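Open the model in your viewer and keep the sequence panel beside it.

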Amino acid sequence: YIATLTVGQDKVFFGVPGQPIRVRTLELMGEKYQMTFTDEEKLRFSLMESFGVPIGNLKQIIMLKGDERNAAGLQPGIPTDSVGQRPSELHDWLLSARYATKELNNVDMRVSIKGDSREEYPSIKKILGILQDQNINKFSLITSLRADEK
């Protein structure tokens, strides 16, 4: 079970494998953020490969059709900055997905970071800090070749 953080243009998208894990992750985030999700919202979320919105905008994205949801610029990325003593939303998504994976499958979730070769180092560094805060020190880093190397 490998979760994928996709980083590009200062945006972070998160994808978790498996519909049951996605549903449980959403339920855990709902508990943390005092939000309730209907069965239809849970089902629709479970079908999403990945997403990149603040949790306050998640219900709107869930209810869009797939092609509408993936329109350029619609999803601004998951917030990666902590607010006061509260950890970032990305931190909470990772932690919830890890709990869901362990609870449902009794295995540790693995993480891969997928980034463009042009991505700025600070964005990746911020994600590495969030992972290390959760003692995730092993992850895969997936990069694409630069145009001149293809």
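Start by selecting Leu-5, Phe-14, Leu-58, Trp-93 and Leu-94: these have the most contacts inside the largest nonpolar core, which has 34 residues. A nonpolar core here is a set of buried Ala, Val, Leu, Ile, Met, Phe, Trp, Tyr and Cys residues joined through side-chain atoms within 4.5 Å; buried means under 20% relative accessible area with a 1.4 Å probe, protein chains only. Next, colour the elements that give two or more residues to this core: β1 (2-8), β2 (11-15), α1 (19-32), α3 (58-62), α5 (89-105), β3 (110-115) and α6 (121-133). Helices (H or I, at least four residues) and strands (E, at least two) are DSSP runs, numbered from the N terminus. The largest share of the core, five residues, comes from α5.

The model is predicted: local features need pLDDT of at least 70 and side-chain atom pairs count only at pLDDT 80 or more, while totals for chains, interfaces and linings use all residues. Residues are numbered from 1 along each chain as its sequence is written, and side-chain values use heavy atoms, with hydrogens and water left out.

Now centre on Leu-58. Beyond its neighbours within four places in sequence, Leu-58 is in contact (heavy atoms within 4.5 Å) with Leu-26, Phe-37, Phe-45, Phe-51, Val-53 and Trp-93.

Switch to a cartoon of the protein. Six helices and four strands make up its secondary structure, in the order β-β-α-α-α-α-α-β-α-β along the sequence.

Finally, show the C-alpha atoms alone. They fill a box of roughly 45 × 35 × 35 Å along the principal axes. Of the 150 residues, 39% count as buried.

Note on methods. Buried < 20%, exposed > 50% of the residue type's maximum accessible area, 1.4 Å probe, protein only.
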